[in-house]
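Here is my note on the model, as numbered points. Please read it beside the coordinates.

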Amino acid sequence: MKTHRFAAASLAALFGLAACAENPVAPTSDASFTAISQSFARGAASSYTFTRFDVPGAFQTAPSGINARGVIVGWYFSGSGCPSAPCVVKGFIFKDGAFTTVVYHNSVTGTDAAFTQLRGIGPGGEIVGLYRMAGEPVVNLHGFMLTKDGEFVEVKHPDHTNSVAQRILPDGTILGCYHDNDQMDSMHGMVWNKDGFSAFGMGTTMHNGATPSGHRITGLFTDNTGRGRAYVLEGGVFTPFDAPNSVATAAWDMNPSGTIVGLFADAAGQTHGFVLDRGQFTTINYPLTPAATYTDVFGINASGTIVGKFREPGSVAFHGYVATPN
């Protein structure tokens with residue numbers, strides 16, 4: 001397993017931008033959004049073939065994204081004291097059966113990040129993620145793009161303290177969120193493209209996936225009761241939705257055909273993944289006996305292959321999986 005460290009550059013410089021401007025794509029008043037609770041039916045159980053994988057020597061493995069070529073990205077925790085002692089978090093690329101470790105490197109100071117996560121990978125191999133340097137507050141998260149040439153490019157909203165780069169679309173558009181001194185109250189969904197940054201006016205939102213044109217976006221937010229919910233944003237219409245029989249729902253990705261994946265928690269405190277395809281909702285549980293206590297779905301590609309993580313009964317560690325539809 002190799003460790004890659006790359007130089008950082010300016011995101012604006014890479015695309016030839018003179019400046020980044022915040023151009024809201026929706027009204028700033030929450031009351032002005034159209035909120036329609038979608039009604040989703042439980043579909044027939046979809047059949048998947050599950051394959052478990054773990055980064056060698058890692059305490060836990062967390063896949064987050066997969067592209068059409070089947071390349072998987074994510075992050076892992078390592079360290080002899082995990083989880084009672086601080087663990088080192090590093091990104092990984094899983095390609096053709098081999099793992100490559102990725103650590104954000106600041107070429108100016110010559111230091112590596114203490115925390116690196118890879119979140120999404122585009123069809124051409126560009127990767128987005130986030131990092132935190134040693135000594136920074138836990139709330140601090142900084143976005144980046146890793147180019148096919150192996151260069152780190154910062155994704156940073158010019159007017160806010162922290163930015164998260166979650167997904168990258170075929171044309172290079174990046175989705176995610178920004179926040180300041182907390183990770184929820186000041187959080188807003190964010191889109192970055194050649195025209196600059198566009199912020200979604202509704203607070204507590206995070207954009208996590210979209211169709212290739214970016215016209216339809218999915219993500220997560222917290223409503224005014226404190227409940228975690230998912231949403232679809234299309235044509236300026238904000239539509240929240242909840243998984244059936246859930247107390248909290250989060251959408252984490254969308255593939256080109258509009259299929260949404262994510263996770264939900266039920267009243268018994270169990271967490272399950274879900275796939276929402278053309279109005280049909282399917283629960284995803286990693287197949288174990290006894291049953292897994294936690295399963296999520298964090299990424300989906302164009303063919304419907306999904307990635308996520310699960311937890312075995314009695315364990316605190318996550319393991320990665322990839323599941324292909326039969």
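Does Phe-50 count as buried, partly exposed or exposed? Phe-50 counts as partly exposed because its relative accessibility is 22%. Buried means under 20% relative accessible area, exposed over 50%, and partly exposed in between, with a 1.4 Å probe and protein chains only.

1. Basis. This is a predicted model, in which local features need pLDDT of at least 70, side-chain atom pairs count only at pLDDT 80 or more, and totals for chains, interfaces and linings use all residues. Residues are numbered from 1 along each chain as its sequence is written, and side-chain values use heavy atoms, with hydrogens and water left out.

2. Aromatic pairs. The whole structure holds 25 aromatic pairs. Rings of Phe, Tyr and Trp (its six-membered ring) pair if their centres lie within 6.5 Å; planes under 30 degrees apart count as stacked, over 60 as edge-to-face and the rest as tilted. Phe-50 and Tyr-286 are edge-to-face, because their ring centres are 5.5 Å apart and their planes stand at 80°. This pair links distant parts of the chain, 236 residues apart: Phe-50 is in strand β4 (residues 48-53), Tyr-286 in the loop between β25 (280-284) and β26 (294-295). Strands are DSSP runs of E, at least two residues, numbered from the N terminus. Tyr-286 is buried, with a relative accessible area of 10%. By contrast, the rings of Phe-94 and Phe-99 are stacked, with centres 4.3 Å apart and planes at 20°. Phe-94 and Phe-99 are buried.

3. Cluster. Phe-50 and Tyr-286 belong to one aromatic cluster with Tyr-48, Phe-310 and Tyr-321.

4. Charges over rings. Lys-309 lies over the face of Phe-318, 5.1 Å from the ring centre. Arg-311 places its charged end over the ring of Tyr-294, at 5.7 Å from the centre. The test asks for NZ of Lys or CZ of Arg within 6 Å of the ring centre and within 35 degrees of the ring normal.

5. Thr-61. This residue is in strand β5 (residues 60-66). Thr-61 counts as buried because its relative accessibility is 1%. Its side chain reaches the backbone nitrogen of Val-55 at 3.0 Å. Leaving aside residues up to four places away in sequence, Thr-61 touches (heavy atoms within 4.5 Å) residues including Trp-75, Phe-92, Lys-309 and Phe-318.

6. Sheet. Four strands form an open antiparallel sheet in the order β14-β15-β16-β17. Two strands pair if DSSP finds at least two bridges between them. The edge strands, β14 (162-168) and β17 (196-203), each pair on one side only. Strands β15 (residues 174-179) and β16 (residues 188-193) pair over five bridges. Ile-174 stands opposite Trp-192 in β16.

Definitions and conventions. A polar contact is a pair of N or O atoms within 3.5 Å; within protein, one must be able to donate a hydrogen and the other to accept it, and residues adjacent in sequence count only if both atoms are side-chain atoms.
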